[in-house]
Number of protein chains: 2
Amino acid sequence: MIRDFQKEDRDSIESMIQRIDNFTQEEKLIALELIDDKVLNGEKSHYTIYVYIKDLKLIGYYCIGLRPLTDGVYDIYWIVTDPEFRKEGAGKSLLEHAENFVKERDGRWILAETSSTDKYVATQKFYLRNKYSIVSEIKDFYKLNDDLMVFGKYITK
Amino acid sequence: MIRDFQKEDRDSIESMIQRIDNFTQEEKLIALELIDDKVLNGEKSHYTIYVYIKDLKLIGYYCIGLRPLTDGVYDIYWIVTDPEFRKEGAGKSLLEHAENFVKERDGRWILAETSSTDKYVATQKFYLRNKYSIVSEIKDFYKLNDDLMVFGKYITK
């Protein structure tokens with residue numbers, strides 16, 4: 001089941017993020033900063049967060065927001081699933097939920113940035129499998145030999 | 001002369017921004033939001049701002065920041081010159097100052113986003129003239145028929 005984020009979800013999300021080996025310490029901090037922005041600012045936050053609940057346990061979430069100055073470009077800042085529940089399809093369900101979120105708001109683009117490194121091959125394949133294309137690449141972005149890849153899907157009603 | 005932004009510059013910047021016909025009301029608001037973030041948070045702000053002063057009058061500024069999770073990608077969020085002083089070369093001086101700012105911090109990329117529309121042709125030419133290349137383009141970004149263009153320069157020491 002996917003539902004709106006509630007403040008009480010914060011600690012479950014933190015403990016999930018801490019268990020993700022793929023994330024660097026800095027990535028964990030930034031992911032949590034957005035959660036805390038939402039806890040602090042609620043409706044006024046730039047971010048919208050939805051969580052995936054299975055058997056009363058939080059096993060995934062995504063965080064999305066409208067790009068300022070655009071009339072319908074949404075960035076998926078984070079889409080995270082619990083490594084212990086990788087086969088549940090929670091990632092795919094969250095992504096489809098995000099696309100519907102964008103559709104309902106008359107959005108046109110949904111974008112997700114990721115890294116070109118081997119660590120993120122599963123993420124890259126996840127977007128390609130879900131019919132995203134690579135809309136932008138910038139060499140040596142995150143660091144030397146670690147390029148930016150922007151995956152995007154143009155949303156049509 | 002280019003110097004650090006001081007809180008007292010806020011109103012000069014606002015009155016300059018208000019006189020830029022090219023900016024929509026929304027663009028003006030967002031440009032000012034970043035200035036106000038700097039006024040409010042000072043050193044803790046994500047943004048660094050430098051202003052161009054000629055004969056005691058503020059005639060331009062730029063606002064720059066490090067992209068989170070990168071080890072050296074700097075975004076020029078705004079680079080603005082007073083329309084009454086277009087021929088002064090303040091834009092070019094501010095851009096070169098920004099590049100030095102990045103160089104001093106061992107940055108590798110300096111990026112600036114702009115729109116593909118006719119209104120921004122002068123801006124596009126400004127970056128091309130200053131040896132930036134188009135590193136990314138996304139169709140129908142700001143709105144239908146208004147694409148994102150990302151100009152970038154790879155900084156080498």
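**Entry 1: ground rules**

I noted that the model is predicted, that local features need pLDDT of at least 70 and side-chain atom pairs pLDDT 80 or more, and that totals for chains, interfaces and linings use all residues. Residues are numbered from 1 along each chain as its sequence is written, while chains are lettered from A and ligands numbered from 1 in the order in which they are written.

**Entry 2: the sheet of chain A**

I began with the strands, and had to look up what counts as one. Helices (H or I, at least four residues) and strands (E, at least two) are DSSP runs, numbered from the N terminus. Two strands pair if DSSP finds at least two bridges between them.

In which order do the seven strands of chain A lie? I read β1-β2-β3-β4-β5-β7-β6, an open sheet with mixed pairing. β1 (2-4) and β6 of chain A are at the edges with a single partner strand each, so one side of each has no neighbour in the sheet. On average, neighbouring strands are turned by 30° against each other, direction ignored. For such angles, axes are lines fitted to C-alpha atoms (for helices over the stretch in contact), and angles run from 0 to 180 degrees between N-to-C directions.

I then picked one pair of strands to follow. β3 (residues 57-66) and β4 (residues 73-81) of chain A are antiparallel and share seven bridges. Along this pair, A:I64 sits opposite A:I76 of β4(A).

**Entry 3: two helices of chain A**

Next I turned to helix α1 (residues 10-18) of chain A, which packs with α2(A) at an angle of about 175°, the axes being 10 Å apart. α1(A) and α2(A) are therefore roughly antiparallel to each other. The cut-offs are under 35 degrees for roughly parallel, over 145 for roughly antiparallel and 65 to 115 for roughly perpendicular, with the rest oblique.

Which residues of α1(A) meet α2(A)? I found A:R10, A:I13, A:E14, A:I17 and A:Q18, facing A:K28, A:A31, A:L32, A:I35 and A:V39 of α2(A). Here, two residues are in contact if their C-beta atoms, placed from the backbone, lie within 7 Å. The residues of this contact are six nonpolar, one polar and three charged. Nonpolar covers Ala, Val, Leu, Ile, Met, Phe, Trp, Tyr, Cys and Pro; charged covers Asp, Glu, Lys and Arg; the others, Gly among them, are polar.

**Entry 4: positive phi in chain A**

Most residues other than glycine have a negative phi. I looked for exceptions and wrote down A:K131, with a positive phi of about 70°. A:K131 belongs to the loop between α4 (121-129) and β6 of chain A. Is A:K131 buried or exposed? A:K131 is exposed, because 8 other C-beta atoms lie within 10 Å. The cut-offs are 20 or more other C-beta atoms within 10 Å for buried, 12 or fewer for exposed, and in between for partly exposed, with C-beta atoms placed from the backbone.

I also noted A:N145, whose phi is near 65°. A:N145 is in the loop between β6 and β7 (146-154) of chain A, and is exposed, with 9 C-beta neighbours inside 10 Å.

**Entry 5: chain B**

In chain B I found an open sheet of seven strands, ordered β1-β2-β3-β4-β5-β7-β6, with mixed pairing. Its edge strands are β1 (2-4) and β6 (133-143).

I followed three of its antiparallel pairs:

- β1(B) and β2 (residues 48-54) of chain B pair over three bridges, with B:D4 opposite B:Y50.
- β5(B) and β7(B) pair over seven bridges, with B:W109 opposite B:Y154.
- β6(B) and β7(B) are joined by six bridges, and B:I134 has B:F151 as its bridge partner.

β6(B) and β7(B) also form a hairpin with two residues between them, and B:N145 in the turn has a positive phi of about 65°.

I then checked which helices lie across strands. α1(B) lies across β3 (57-66) and β4 (73-81) of chain B, at about 95° to β3(B). Helix α3 (residues 90-104) of chain B runs at about 30° to β3(B).

**Entry 6: where the chains touch**

How many residues of chain A are in contact with chain B? I read 18 residues of chain A, against 18 of chain B. On the chain A side, α2 (25-41) and β6 (133-143) each supply at least two residues. The largest share, seven residues, comes from β6(A). By class, this side has nine nonpolar, three polar and six charged residues.
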